[in-house]
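Have the structure open beside you as you read.

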Amino acid sequence: MMALPQFFADAIREMLRGPRRYWGWVILLVALFVHGVFYYINQMQTGLVVTGMSDQVSWGFYISNFAFFVGIAAAAVLLVIPAYIFHRKDIKHVVLLGEGMAVAAVLVAMLFVLVDLGRPERAWHFIPFIGRFNFPNSILAWDVIVLNGYLLLNAAILAYVLFLHYRDREPQSTVYMVFVVIAMFWAISIHTVTAFMFSSNPSRAMWHTSLLGPRFISSAFASGPALIIITLGVISNITRYRISRTAIDTLALILTIALQISLFFVGVELFTDFYNEGQHGASIRYLFLGLEGLGSLRPWIWAALVMNLIAVTILMIHPLRRNMKWLYVACVLTFLGIWIEKGMGLIVPGFIPTTLGEVFEYSPTVTELSIALGIWSFGMLVFTLLAKLIIAVELGTLRYKKPEG
Amino acid sequence: MSKTKKTRSDERETGISRRSFIKGAGAAGSMAIAVTAVPAASAASWGGQTMKDAFGDFFQDHYKNMTPTELEQALARIERNAKRTTGVDIKCENTPPIPGVVFGYAINISKCKGYRDCVYACVEENNLGRDSQMQYIRVLEMEQGNRNLEKSDHYYDPETVPQKDKYYMPVQCMQCENPPCVKACPVEATWKEPDGIVVIDYNWCIGCRMCMGACPYWARHFNWTEPELPTEVVNPVTHYLGNRPRMRGVTEKCHFCVQRTRKGRLPACAEACPNGARIFGNLLDPQSEIRYVLENKDVFRLKEELGTEPKMWYFSD
């Protein structure tokens, strides 16, 4: 068993090896992360008062990004299913990158919860037996379990497959397949549970809809493939790693269908809230049209809607979808559109008006934006390092060498 | 980026000081800049505490897990912390619930004139952060003819109250029999006591604000900053689950003045009301005034359809 320590040593050496532009990118991400850490230290010392949040709008930019990135993490399953269940060789080729993205995205999501806590040093209260874990009652307790479980599953599967490939072997065991199947269902569960965190509140009419779970899944299956396509495009441009066209086509098709369903759900919600409009529709009215003269989210949500409509139009026209340039445009528009719609566009208006009917607005502060930028950079850094390792192993440049003698 | 914006467009521009005081109640966010400017006050290595107290605070167990000795130590630590931050010798008690008592509240909205005496009495009794301007009670100015909360004015400030064509409805924690906040809390930092009061272990709360999303009555408030308590305003008679000084980063709310009511006194808001609009008592006592109200008046509860079973009733003469 000399292979395992050597694998880790080789992995770290590989992550720290690269051309100047690789180092430039890594240093940029580290710098942005450190920048965020400074803002976070200030937030810790002063309190969450440095954010734009209030008793009225008690969750903001952090939780919005949390909800969005859980979706990105869940979308890795879209590569896992075709790769391991249908044995698509082309997809198998990129499935490890998808799992790397899942690991990075779930870390990002967890960090966004951590920075939102008023008392992060008490996070140990979560730990079962040592603390008091309100399971199964609290949906956040569920989320802690599913997110940590998902992180472990994906990290373990990724490390296991890489380690085998490192030694020129293929994973065969049934135990491994059992974990892959668990990871698939787990992926759906993380985003469903995250939707339940919001939809379980009857006093928040905008969230309290059974469509919220399906909306979360459908929008995740659009934003996730969009990000994967962009990432694979970047990787095939700057590395020797070739990504087959059929894999991209499959992802683009999934993206198209998911975005269509997601937009259909948006339409269904708009109809239900606006036809015979009652108090139930107040948050949606605030979001799209404004309430009592206030409506800072209006331009954002309309921009999101327009972006998603343009994206879906591009994707539905076959020649355009098959053209990489147009496909990238559609992917960027989808990613941004869903980020607005499922992030700020969903979390913030859920609090407006408040349960006592007060209209009080929220906008993120520089602190929130800086900390978020730091967390995004951290996620990109994790993905960059993992991708560096994955590509080296998959290209065969990183292989186990039996020690001499 | 701009900070949280102004709330309602229909406010009158009178009585600046009081109005801004009231408005600030929920809008702690607007103080971000002012607070940021203050240098990290007395940030000695243990936050001004002794190392022993800092560790004691950090490792303090959940209220329900603590042994009697640990609880005694916790209460003593709270008293020491209060002495250090406010200069006042407070007494932090742990009066248990009275057997056979479940508290309930009824408000006569035809007697409520919107004076907000209850709000201010509550602030003083419960050691609410003065610069964060937190308030547990919100009196809503309602339009005659409907009970639509979205048409209520939270920040009414005319020369005199009551205003013509308005009625007033105070809202605070309703100590639900089926509290959604308790269900939502991931670490059981909030629970319902045998006397029906929903309490918070401020030392156990992690500040995730799940409870604030869950509460249908906007009863839960968060300490966005360190709550400031000037020496001259400290109420030294406190309860662990009630009005002891709180810390930054945790939620708090009305607890029916647990420090008073468990000793047979009325909550501060009930005592302060000059109109006798507030009727507080033991729901299990058939002779109590609250039972009389429930049995003889046409009462209603807010958002009953949500199934939270609030223990606060409204009625009119």
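Which residues in α3(A) meet which residues in α7(A)? On the α3(A) side they are A:A67, A:V70, A:G71, A:A73 and A:A74, and in α7(A) they are A:A187, A:I188, A:I190, A:H191 and A:T194. Contact here asks that the C-beta atoms of two residues, placed from the backbone, lie within 7 Å. Helices are DSSP runs of H or I with at least four residues, numbered from the N terminus.

Before going further, a word on the ground rules: this is a predicted model, in which local features need pLDDT of at least 70 and side-chain atom pairs count only at pLDDT 80 or more, while totals for chains, interfaces and linings use all residues. Residues are numbered from 1 along each chain as its sequence is written, and chains are lettered from A in the order in which they are written.

Back to our pair. Helix α3 (residues 61-74) and helix α7 (residues 174-199) of chain A pack at an angle of about 165°, and their axes are 8 Å apart. The axes are lines fitted to C-alpha atoms over the stretch in contact, with angles running from 0 to 180 degrees between N-to-C directions. That angle makes α3(A) roughly antiparallel to α7(A), a label for angles over 145 degrees. The residues of their contact divide into 7 nonpolar, 3 polar and no charged; Ala, Val, Leu, Ile, Met, Phe, Trp, Tyr, Cys and Pro count as nonpolar, Asp, Glu, Lys and Arg as charged, and the others, Gly among them, as polar.

A:A73 also leads us to A:V106, which is in contact with A:A73, A:L147, A:Y150 and A:L151, leaving aside neighbours within four places in sequence.

Now turn to A:I391, placed in helix α15 of chain A. A:I391 counts as partly exposed because it has 19 C-beta neighbours inside 10 Å; the class lies between exposed (12 or fewer) and buried (20 or more). Not counting residues up to four places away in sequence, A:I391 touches A:T239 and A:Y241. From A:I391 to A:L162 there are 229 residues in sequence and 10.0 Å in space, C-alpha to C-alpha.

Finally, look across to the other chain: 54 residues of chain A are in contact with 55 residues of chain B. On the side of chain A that touches chain B, α2 (20-46), α6 (139-166) and α15 (366-395) each supply at least two residues. The residues of that side divide into 23 nonpolar, 22 polar and 9 charged.

Technical notes. Parallel < 35°, antiparallel > 145°, perpendicular 65-115°, else oblique.
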